[in-house]
Amino acid sequence: MAHLESRKHISPASGFPITLHPNFNPKIKDHVPPEPFRGLVNPPIDRAFFADPEKKALFSVAKPVDLTESLGTVLENVQLSQLNEQQLDELALLVTERGVVFFRDQDLTTEKQVELFQHYGDLDKHPAQKFVNIHGSREDHRELLNYTPWPSGEFHADTSFEINPPSYSLLRMEEHPDVGGDTAWVSQYGLYDALSDAYKKFLDGLHAVHTSRLQYDTILDLWNVGPNRPPIDTHHPAVRTHPVTGLKALNVNTGFVTGFAELKKLESDKLLDFLAHHIHSADDHYVRWKWTVGSVAMWDNRCTVHRVIPGRYKGNRRGVRTTVFGEKPYLDPASESRESASYAKERKVMLDSRSSISVINVGF
Ligand SMILES: [Fe+2]
């Protein structure tokens, strides 16, 4: 059980701990973040723009196996460490389309992982610390919320509260229990598509409040690690346009979003309640990955959310994650949802084939 400061403050009436505001928790109150606030950055051009749309170089060495219709593809028979720059660009494009791409039995080292990921942009870490060690947790996330404000087990896009949230993340597992510690991803393209037209229009006009404040007020107590930078609130479009695919994706997650800038508090709370249900019930836009040592997942935080499935697994869970900065999220009002774009594409193919049939008919 996590050692939380608030567990020490027991109510004489019930014998259970009382909520302790972070400002009265000396560990949090006295913490001075070592780094300053981080402003807007200009990331380099997304490598997916340089890819062959058919991904011929990548698929000449790797066999893609889709795990669900909506998202998640395993690339078989390939070592990431052997991919050339062209194949890495095509991998980025595949990740933007499929949300998350998996690999098994990889020979990648941390050094090679960092080198490989630098191909995709500027690593989202201090130069001296280019990756994050991921451990997972055996805590009861539901019980922890009695004492800490941050829902640490919830769906999130990595550090979505940043002005430039990460685009791509890659996690490679170095140690893992035989069972438990799975990660689930949900497609934000799919979540947007699953809304009614009226709700789509409503959300198109909103900004979601992504905050690091709740995490800031929690992790020193929960993980014994101080936050690097002061807390930040950003107002990102509740629906964003993916710069590579041009598709609309919901940009709300239950891990970091606390409300909507244009709404009143109670309206925000109800909408967040609905979206929490929407995210958690989207079985048709969900994929769950069972890790083994040497497995790798590369995902796009701009069109997916993810979470570790809580559990009581035995043994250690340890992975190395690298991320790169993405663009500042934006909504292009002319962009389409994935479903309407693919409907338009199918219709075009149908019309084209009709016109070619009529040409053949004329010819005969
Ligand atoms: Fe994450």
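**Group meeting: a walk through the predicted model**

Mean pLDDT for this protein is 92, and 96% of its residues reach 70 or more. pLDDT is the predictor's confidence in each residue, from 0 to 100. Residues are numbered from 1 along each chain as its sequence is written.

Confidence by element next. Strand 3, residues 100-103, has the highest mean pLDDT, at 99. Helix 10, residues 338-363, has the lowest, at 73. Helices here are DSSP runs of H or I with at least four residues, strands are runs of E with at least two, and both are numbered from the N terminus. Over residues 358-364 the pLDDT is below 50. Beyond near neighbours in sequence, that stretch has zero contacts in the model. A contact means two C-beta atoms, placed from the backbone, within 7 Å. Where pLDDT is low, predicted coordinates should not be read in detail.

Now the core. The largest nonpolar core has 60 residues. Such a core is a set of buried Ala, Val, Leu, Ile, Met, Phe, Trp, Tyr and Cys residues, joined through C-beta atoms within 7 Å. Buried means 20 or more other C-beta atoms within 10 Å of the residue's own; exposed means 12 or fewer; partly exposed is in between; C-beta atoms are placed from the backbone. Among the residues with the most contacts inside this core are Ala-92, Val-100 and Ala-297. Helix 3, residues 85-98, gives the most to it, with five residues. Look at Val-100. Leaving out residues up to four places away in sequence, Val-100 touches Leu-71, Gly-72, Trp-185, Val-287, Ala-297, Trp-299 and Thr-304.

Strand 14, residues 304-308, is mostly covered, with four of its five residues buried.

Is Asn-164 buried or exposed? Asn-164 counts as buried, because it has 21 C-beta neighbours inside 10 Å. This residue sits in the loop between helix 5 (141-144) and strand 5 (166-175). Asn-164 and Gly-326 are 162 residues apart in sequence, yet 5.6 Å apart in space, C-alpha to C-alpha. Residues that Asn-164 touches, beyond four places in sequence, include Leu-40, Pro-43 and Phe-325.

Asn-77 is in the loop between strand 2 (73-76) and helix 3. Asn-77 counts as exposed because it has 7 C-beta neighbours inside 10 Å. Its phi is near 60°, a positive value. Most residues other than glycine have a negative phi. Asn-224 also has a phi near 60°. Asn-224 lies in the loop between helix 8 (213-223) and strand 8 (233-237). With 10 C-beta neighbours inside 10 Å, Asn-224 counts as exposed.

Notes. Predicted model: local features only at pLDDT ≥ 70, side-chain atom pairs only at ≥ 80, totals over all residues.
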